[in-house]
Amino acid sequence: MNTLGKWLMMIVLISSVAWAQDSPKAPPSAEEIAKANNPLADILAFNVHYYYRPRLNGIDGGMANTLWFRFAMPTGPVLWRVSAPLETRFINNPTTNFSASGLGDIDLFGAYLVKSEPTFTFGIGPSIAFNTGTTDGIGSGRNSLGLAAVIYAVPIPQIQIGGLIIWRTDIGGDDTREKVNFIAIQPFYFWQLGKGVYFRGAPIIPIDLENGGNYSVPLGIGVGKVAKIEGIVFNFFMEAEPSILVVGTGQPTTQIFGGVNMQF
């Protein structure tokens, strides 16, 4: 099992241990449970997310994994989020034996909170990715700049819905690598079942505008648990994301998305 696979198993183990373990003195409040899935919550947060992609369209024996570390911090009306990925990609078939691992492109999103209320949040701002890939085949090899916008709504206490859309295009970098021009759309939906347990989905739809509009459309079906431990709100989750539409070589045909969010 590779390093990222071990991280996934660790997340699953931690989730199973914490699943029913809220602090009896201070279980999460209804407001904390709602904020736990709000990407624009005006609170200090640290997230660890893992994507396991065992099959890539058009690549026999192709596989990819990404472990994301995300840190969010509000400063006045702006929420800053920096994300750093550790990536692994490999191909193992009769004609190709390729493997690469390392740090990918670090990105920064500054969301100006146009509206920030318990039942509706909207933020928009610049999205920047830096060419920090540590080896060939990891990261885009380009610096890119664009915009991102997020909407989060609570129509009724049991339901939270919203979406994230990012567009970026390259502004320089390694001239030997393909140019960057893409849109990523991430709808998310959460159904609270009580006691911090919920059904969820937060699939990302990547659209590669530079290469003829290649894309994949995954369906997110998963479960999560919000628990308060030693004053920290933990949000453990896991979801399956089979792709219902796939166009283009290298797009994931199936993936697993899991992780833990921590709000302080």
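The model is predicted, so local features need pLDDT of at least 70 and side-chain atom pairs count only at pLDDT 80 or more, whereas totals for chains, interfaces and linings use all residues. Residues are numbered from 1 along each chain as its sequence is written, and side-chain values use heavy atoms, with hydrogens and water left out.

The protein has two helices and 15 strands; helices (H or I, at least four residues) and strands (E, at least two) are DSSP runs, numbered from the N terminus. Its radius of gyration is 18 Å, close to the 18 Å that the globule rule gives for 264 residues, so the protein is as compact as a globular protein of that length. Here the radius is taken over C-alpha atoms, and the globule rule is 2.2 Å times the number of residues to the power 0.38. Along the principal axes, the C-alpha atoms fill a box of roughly 60 × 40 × 30 Å. Buried residues make up 44% of the 264 residues, where buried means under 20% relative accessible area, exposed over 50% and partly exposed in between (1.4 Å probe, protein chains only). Among contacts (heavy atoms within 4.5 Å) between residues at least 6 apart in sequence, 57% join residues at least 24 apart.

Strand 1 (residues 45-56) and strand 2 (residues 62-75) run antiparallel and are joined by nine bridges; two strands pair if DSSP finds at least two bridges between them. Ala45 stands opposite Ala72 in strand 2. The hairpin of strand 1 and strand 2 has five residues between the strands, and Gly58 takes a positive phi near 75° there. Strand 2 also pairs with strand 3 in the antiparallel sense, over 14 bridges, with Gly62 opposite Ile91 in strand 3. Two residues lie between strand 2 and strand 3 in their hairpin, and Gly76 in the turn has a positive phi of about 65°. Strand 3 (residues 78-92) is in turn joined to strand 4 (residues 97-103) by seven bridges, again antiparallel. A hairpin of four residues connects strand 3 to strand 4, and Asn92 stands opposite Asn97 in strand 4.

Asn97 is exposed, with a relative accessible area of 71%, and its C-alpha atom lies 30 Å from that of Val48, 49 residues away in sequence. Val197, in strand 10 (residues 197-201), is buried at 19%; Val197 and Phe236 are 39 residues apart in sequence and 9.6 Å apart, C-alpha to C-alpha. Asn261 belongs to strand 15 (residues 252-263) and is buried at 12% relative accessibility. Leaving aside residues up to four places away in sequence, Asn261 touches Ala36, Phe46, Asn47, His49, Val233, Phe234, Asn235 and Phe237. The C-alpha atoms of Asn261 and Phe71, 190 residues apart along the chain, are separated by 9.9 Å.

Finally, the lining of the second largest pocket has nine nonpolar, six polar and four charged residues; Ala, Val, Leu, Ile, Met, Phe, Trp, Tyr, Cys and Pro count as nonpolar, Asp, Glu, Lys and Arg as charged, and the others, Gly among them, as polar. Helix 2 gives the most to this lining, with five residues.
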